[in-house]
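Good morning, and thank you for joining this meeting.

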Amino acid sequence: MNLSLVFDLLLAGALLLVSWRLLQASDLFQATVLFISFGLFLALAWVRLRAPDIALAEAAVGAGLAGVLLFGTFKRIEPQSDQSDQERGPGDEPFSVSSCRLDQAAACPGRFHYLVAGVGAVALTALLVLAVLELPRHGGGLTGMVAQKLGFSGVEHPVTAVLLNFRLYDTWLELGVLLLALMGVFGVRGAHDLRGLPMRPAASPVARRLVGLLGPLIVLVAVHLLWLGDHAPGGAFQAGVVLAAGLVLLRLTGLPSVDRLPRTALLSCVAVGFAAILLLAVLTSLGPQSFPLEYPSAWAGTLILALEAAATVSIGVTLAALVVLVLVVDEQ
């Protein structure tokens, strides 16, 4: 038994153990920490499966962004729960029906939510099993078709060719989901402009100086990842995540970040990726012999690079705005 096999077995065991502990956790804070741990183990599993693009996406969104949003939700509901406990009198019922929470068994005596959650879990498991059974037992799936068309895609990396050419609809919808998520958080927070958020206290001069020096390096790494997507793992999403991390660092140290962008500039940055693909869809629909989102072969590489640059700005600013909106809960 070689070391790689031992590592894979330990990793699979860790995934099963963390997922089981996550399902058994009755404390919201513990469940959030376990969820983030599960996302990091899952990212490591994608690395072992030689899928670095998916690994980075899982680490950034599955563990990072989702973890921040869950922590923000935890901070938002726990003080309200404590306040409700203090306001209740000795003879009052401990919880109302509207305060039913899965982590507080006394609040939900009917257990109806367990039945609903169980039915949903069984249905989802059945769908996953059916999807696995539908997979071809032999052959490489669509690998051969992608390799055959790669020369006409405008890029050399097959993942970028799929995401930015063959299945551009998927990338378009993902940008739309990010846009809707930010709109939802704005609606819940009742905010219309990030400039209305309270200023972050200035960090120590050393931290501000360090982040100021890291700023150009972060932009350089983002541009490198964007350019790398042409022929290697990388591209718009990875570059956008790095850009978002830099913007969050600026906010944490009290330096100007997305929270100082004018409303028009913020909305333009958030929507530019989705709008660019929409414009491409309209223009290609007007062509005499082309289908919507079908690139002219001579311009495929240039158009993909332009769309990736626009998507990088959208992803970076959207993720940073989401994190900043959630972090304000902790700061208040």
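This is a predicted model: local features need pLDDT of at least 70, side-chain atom pairs count only at pLDDT 80 or more; totals for chains, interfaces and linings use all residues.

Which pattern does the chain follow when read along the sequence? The pattern is α-α-α-α-α-α-α-α-α-α-α. In this chain there are 11 helices and zero strands, where helices (H or I, at least four residues) and strands (E, at least two) are DSSP runs, numbered from the N terminus.

Residues are numbered from 1 along each chain as its sequence is written, and side-chain values use heavy atoms, with hydrogens and water left out.

Let me turn to confidence. The chain has an average pLDDT of 82, and 86% of the residues score at least 70; pLDDT is the predictor's confidence in each residue, from 0 to 100. Over residues 90-98 the pLDDT stays under 50, and the model has five contacts for them beyond four places in sequence. A contact means heavy atoms within 4.5 Å. Among contacts in the chain with a separation of 6 or more, 69% are between residues 24 or more positions apart.

Next, the surface. The chain exposes about 20,100 Å², of which carbon and sulfur atoms supply 71%; accessible areas come from the Shrake-Rupley method with a 1.4 Å probe, and for residues only the protein chains shown count as cover. Of its 332 residues, 33% count as buried. Buried means under 20% relative accessible area, exposed over 50%, and partly exposed in between (1.4 Å probe, protein chains only).

Which residues of helix α9 illustrate these classes? Gly 246 has its place in α9 and is buried, at a relative accessible area of 7%. Arg 50 is exposed, with a relative accessible area of 78%, and its phi is near 60°, a positive value in a residue other than glycine. Most residues other than glycine have a negative phi. Thank you for your attention.
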